[in-house]
Amino acid sequence: MAITTYKYRLKVNSRQARILGQMAQDVNLVWNFVKQLQIDSFKAKSAKNYLSDFDMHEYTKGSSKLLTINAQTIQAISKQFVTNRDTFKKLPRWRGRKSLGWVPFNGQSFKLENDHVTYNKLKIRFWRSRDLPQDAKIKVGRFSQDARGRWYVSVTFESDLIAKKQAPNQIGIDLGIKHLAALSDGTKINRLDLRTAYLKKLRRLERTRKFARRSQAKSRSYQKLPKARQVANLAAKVANARNDFLHKVSTKIVASANFIAVGDLRCSFMNRSRALSGVSLDAGIGKFREMLRYKSIRDGGVYKQVSERNSTQTCSDCGWQHPKEKRIGLGVRSWVCDSCGASHDRDVNAARNILLTALKPDSTSALDTKRRTVSGSK
Ligand SMILES: [Zn+2]
């Protein structure tokens with residue numbers, strides 16, 4: 001049994017756009033309500049600090065009568081809130097007018113027929129870019145909007161007809177700065193170069209807007225800034241291109257191995273450091289890791305996230321480790337092991353060490369200096 005998601009573009013007319021917009025606002029209302037609920041629970045320091053989605057249902061019960069969304073959607077919102085809170089280990093953001101429209105639903109409250117979908121009596125036609133398999137059973141789905149304001153519907157379904165086979169293979173992945181990822185089998189995946197394709201254009205548009213902002217400030221007559229639509233279009237294109245790319249790469253990796261080990265590189269740390277700032281945001285490392293995780297688990301594989309401490313400094317062949325005073329810096333792309341003479345690519349070596357760490361019985365620990373050196377010198 002494989003679980004797969006298909007996404008379709010909706011053909012929305014202005015009346016439907018208004019209704020979807022209202023639904024998205026109601027979703028935000030519920031989302032912010034459960035967030036406030038969680039904040040209050042933290043403050044109250046009760047025995048149950050972390051609310052489950054069932055705890056939240058107690059408070060949201062019956063609210064669908066007052067809203068344009070149904071009870072299943074309200075439950076799906078709490079569920080997503082709890083998932084996000086637990087995955088990223090912090091409170092999710094408030095949802096406001098700037099948040100892109102999002103309306104989750106479950107299979108029972110939603111219908112997909114020939115050329116249209118139905119949710120809460122709202123019927124919308126869509127571009128049927130591909131057919132669902134005959135035996136598809138829709139579990140959940142969502143309406144979502146991109147920065148251009150276009151609406152899509154995603155449906156997640158179960159099907160035996162497209163059961164996926166994973167290769168019995170183990171792979172370690174070093175997520176990085178220079179490349180999006182280096183794999184333990186020596187493959188390197190470059191980051192998608194958005195700079196040349198989009199960012200130049202974006203910068204040019206921003207410059208026009210900056211001049212307009214300045215001259216408006218001088219003359220103290222404030223109006224809408226020019227090029228807002230173009231900026232939104234471009235932002236949507238960048239986000240779509242990046243998402244497509246990350247989906248393609250993660251799908252390919254997950255299909256190639258049923259055991260995946262990834263380093264626990266902290267994205268927030270990377271954004272803070274000045275030399276690296278912007279880079280990890282650009283690469284979408286957090287998103288990529290999340291895709292690898294859910295796709296691997298979905299397809300019946302094993303996903304492990306392990307500490308990558310010392311993974312760069314240790315020789316993956318013999319376990320020798322660079323001494324403290326001779327640590328290799330960020331700029332060193334390849335090196336030769338002082339102990340066994342193996343030559344290493346920096347990132348591929350790190351990926352191999354990440355895999356070795358994950359394969360150890362107690363795989364949450366980082367590479368242990370002592371143990372590795374002893375076993376390496378035998
Ligand atoms: Zn070595």
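Biologist: How do you know what helix α9 (residues 346-359) should span, and what do its end C-alpha atoms say?

Modeller: The rule for the expected span is 1.5 Å times one less than the number of residues. For the 14 residues of α9 that gives 20 Å, and the end C-alpha atoms are 20 Å apart, so the two agree. Keep in mind that this is a predicted model: local features need a pLDDT of at least 70, side-chain atom pairs count only at pLDDT 80 or more, and totals for chains, interfaces and linings use all residues. Residues are numbered from 1 along each chain, as its sequence is written.

Biologist: What makes α9 enclosed by the rest of the structure?

Modeller: A residue is buried if 20 or more other C-beta atoms (placed from the backbone) lie within 10 Å of its own, exposed if 12 or fewer, and partly exposed in between. In α9, 12 of the 14 residues pass as buried, so the helix is largely enclosed. Its buried residues include V348, A351 and L355. They pack against β8 (170-175), β9, β10 (188-189), β11 (259-263), β12 (302-306) and β14 (343-345).

Biologist: And why is A182 called buried?

Modeller: It has 25 other C-beta atoms within 10 Å, so it is buried. A182 sits in strand β9 (residues 181-183). Contact means C-beta atoms, again placed from the backbone, within 7 Å. Leaving aside neighbours within four places in sequence, the contacts of A182 include D347, V348, A350 and A351.

Biologist: What makes a set of residues a nonpolar core?

Modeller: They must be buried Ala, Val, Leu, Ile, Met, Phe, Trp, Tyr or Cys residues, joined through C-beta atoms within 7 Å. The largest one here has 31 residues, and L20, V27, I77 and V103 touch the most other members. Helix α1 gives the most to this core, with seven residues. A second, separate core of 26 residues includes L175, I253, F288 and A351.

Biologist: How do you know which strands pair?

Modeller: DSSP has to find at least two bridges between them. Strands β6 and β7 have eight, running antiparallel, and β3 and β4 have four, also in the antiparallel sense. In one of these bridges, F143 has V153 in β7 as its partner. β6 and β7 form a hairpin with five residues between them.

Biologist: What makes β2 and β3 edge strands?

Modeller: Seven strands form an open antiparallel sheet in the order β2-β6-β7-β1-β5-β4-β3. β2 and β3 each have a single partner strand, so one side of each is left without a neighbour in the sheet. Helix α1 lies across β2, β5, β6 and β7, at about 85 degrees to β2. That angle comes from axes, which are lines fitted to C-alpha atoms (for helices, over the stretch in contact), and runs from 0 to 180 degrees between N-to-C directions.

Biologist: How do you know where confidence is lowest and highest?

Modeller: By pLDDT, the predictor's confidence in each residue, from 0 to 100. The protein averages 84, and 88% of residues score at least 70. Helix α10 (residues 369-377) is lowest, at a mean of 36, while strand β5 (residues 122-126) is highest, at 95. Over residues 271-281 the pLDDT is below 50.

Technical notes: Helices (H or I, at least four residues) and strands (E, at least two) are DSSP runs, numbered from the N terminus. Two residues are in contact if their C-beta atoms, placed from the backbone, lie within 7 Å.
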